[in-house]
Amino acid sequence: MNLTELEDLGLKNIGKVYHNLSYDELIQHELDNGEVKLTKSGATAVDTGIFTGRSPKDKYFVQRDPSNRYIAWGDVNKPVSEEVFNELLEVAREELSGKDLYITDVFCGSSPASKRSVRFVSEIAWQSHFVKNMFIRPTEAELEVFKSDFTVLNACKTINDKWKEHGLNSEVFVMFDIENNISIIGGTYYGGEMKKGIFSMMNYWLPLEGKLSMHCSANVGKEGDTALFFGLSGTGKTTLSTDPNRALIGDDEHGWDNHGVFNFEGGCYAKVINLDGKSEPEIYGAIKRGALLENVVVDENGEVDYEDGSKTENTRVSYPIEHIENHKPDLMAGHPQNIIFLTADAFGVLPPVSKLTREQAMYYFLSGYTAKVAGTERGITEPVATFSACFGEAFLPLHPTVYAKLLGEKIDKHDVNVYLVNTGWTGGRYGVGKRMSIKDTRACINAILDGSIKESEFDTTKTFALHVPKTLGDIDPDILNPRNAWEDKEEFDVTRDKLAQMFIDNFKKYQSEDSEFDFSAAGPKL
């Protein structure tokens with residue numbers, strides 16, 4: 001690449017520039033630099049240092065016109081002054097100057113009408129490998145004329161030692177200057193910051209063009225029927241959209257424009273804690289040369305212990321989508337017929353599958369609920385409810401209602417069916433009941449996708465007023481209505497009402513006299 005382009009970024013005395021290396025070259029660099037271990041399957045494995053997940057409290061946007069009029073400022077989107085940003089931009093430039101650099105040029109968005117070109121600059125080979133896996137890889141011809149719309153300077157080896165003086169959260173910084181189309185990262189090696197940083201930017205750009213950006217996976221059937229799977233981490237987005245009978249469009253981030261649904265990415269980022277080849281053969285099989293494992297335990301023979309969460313429960317693998325045999329090569333499909341909201345309800349209250357009205361769809365989309373098991377500390381067995389608007393609030397620069405409005409318009413225009421599927425607990429809360437089997441969840445999903453669920457007779461549950469099928473294929477009918485699955489019915493009623501109150505309290509932020517988003521009437525009633 002032209003060195004003046006790097007000098008224009010303020011980088012000086014640059015050593016060797018490794019520009020758009022092939023997989024073989026990157027893997028060789030990673031091994032030569034001592035950054036990774038080679039595993040038996042051919043995948044490389046990296047430790048991401050003290051950060052094994054994102055640092056959401058260290059994410060900032062530069063406070064500047066016109067973007068500051070659109071951004072929903074608050075806990076998720078925090079402002080930083082131009083002065084502080086420029087000071088840290090200089091820190092990042094100094095870190096990357098005088099070094100050998102890895103530069104990777106990629107696209108985000110497979111739709112020609114909506115894609116952005118992004119350049120990543122790093123001093124670490126495996127980070128170049130990560131973004132090559134996760135984004136859309138341009139052809140040789142496209143690389144020859146590549147011009148970046150946005151640049152990420154990943155100076156993860158440096159820190160901000162003036163963070164207190166700057167009034168920031170810590171020495172880590174992940175910052176976005178929207179008007180100047182640049183992002184800087186310092187203090188954290190975690191690759192997911194680069195992936196989710198560009199997702200945040202797509203969530204800013206696209207809705208302002210009337211296009212919906214979504215934290216969801218997507219696949220398409222042989223008849224061209226598209227399905228979207230929304231859900232927070234751990235609810236089953238990657239697992240359930242990876243289906244041998246349907247072509248995978250993508251597992252995490254999508255857009256929906258006038259032409260249909262399109263993947264933002266060119267790869268998948270799957271959780272691998274307790275991964276086994278029998279229940280998730282496609283993901284297991286994707287872990288081969290080119291795949292990059294994160295924070296897994298590898299023995300001296302290169303054998304990976306997927307059950308070992310001693311480094312983190314958030315063990316991951318990134319791989320190019322081509323590693324999934326049954327993927328849609330153009331990463332696009334038509335407008336969806338079905339939308340599925342996934343929740344892992346550790347309270348054991350929500351049904352395995354419910355058909356939602358349009359109003360309920362808006363309510364559950366804005367609620368973005370799941371319930372996790374509280375950490376791994378001894379003695380803590382009470383589930384923790386998480387409400388993340390639009391199933392991805394951490395990545396939404398605009399107000400959640402902007403995305404909800406676009407979703408509602410598209411559901412109406414394309415007459416989409418919407419379902420809520422609980423991949424969590426049944427027969428009792430965590431510690432009492434058991435996790436819904438993948439087999440039963442798959443049966444619910446298949447009934448939605450083949451349309452057979454519409455032939456069921458439906459019941460309406462108390463309190464949540466959810467429409468649940470009385471029978472569905474071979475699934476035990478007692479599981480379909482969650483109260484029937486609990487031995488202690490009174491305990492169920494208490495737990496259900498407790499969860500209902502959490503929903504009601506969370507939704508109060510959308511209730512005001514003039515709010516067009518007060519869908520509380522579609523939520524639970526006590």
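A search of the whole structure finds zero disulfides, a disulfide being a pair of cysteine sulfur atoms within 2.5 Å. The model is predicted: local features need pLDDT of at least 70, side-chain atom pairs count only at pLDDT 80 or more, and totals for chains, interfaces and linings use all residues. Residues are numbered from 1 along each chain as its sequence is written, and side-chain values use heavy atoms, without hydrogens and water.

Select C216 first. Its nearest cysteine sulfur belongs to C390 and is 12 Å away. C216 counts as buried because its relative accessibility is 0%; buried means under 20% relative accessible area, exposed over 50%, and partly exposed in between (1.4 Å probe, protein chains only).

Next, select C268. The nearest cysteine sulfur to it is that of C216, 13 Å away. C268 is also buried, at 1% relative accessible area.

Move to helix α5, residues 125–134. Helices (H or I, at least four residues) and strands (E, at least two) are DSSP runs, numbered from the N terminus. Ten of the ten residues of α5 are buried, so the helix is largely enclosed by the rest of the structure. Among them are W126, H129, F130 and K132.

Now select D276, D299, E300, D305 and E307, which form a negative surface patch. Like charges are joined within 9 Å, and nonpolar side chains (Val, Leu, Ile, Met, Phe, Trp, Tyr) within 5 Å.

End on D299, in the loop between β18 (297–298) and β19 (304–305). D299 counts as partly exposed because its relative accessibility is 33%.

Definitions and conventions
Patch = residues over 30% accessible without salt bridge, like charges linked within 9 Å, V, L, I, M, F, W, Y side chains within 5 Å. Areas by Shrake-Rupley, 256 points an atom, 1.4 Å probe, with all protein chains shown as cover. Salt bridge = Lys/Arg side-chain N within 4 Å of Asp/Glu carboxyl O. Lys, Arg positive; Asp, Glu negative; His and termini not counted. Charge placed at Lys NZ, Arg CZ, Asp CG, Glu CD.
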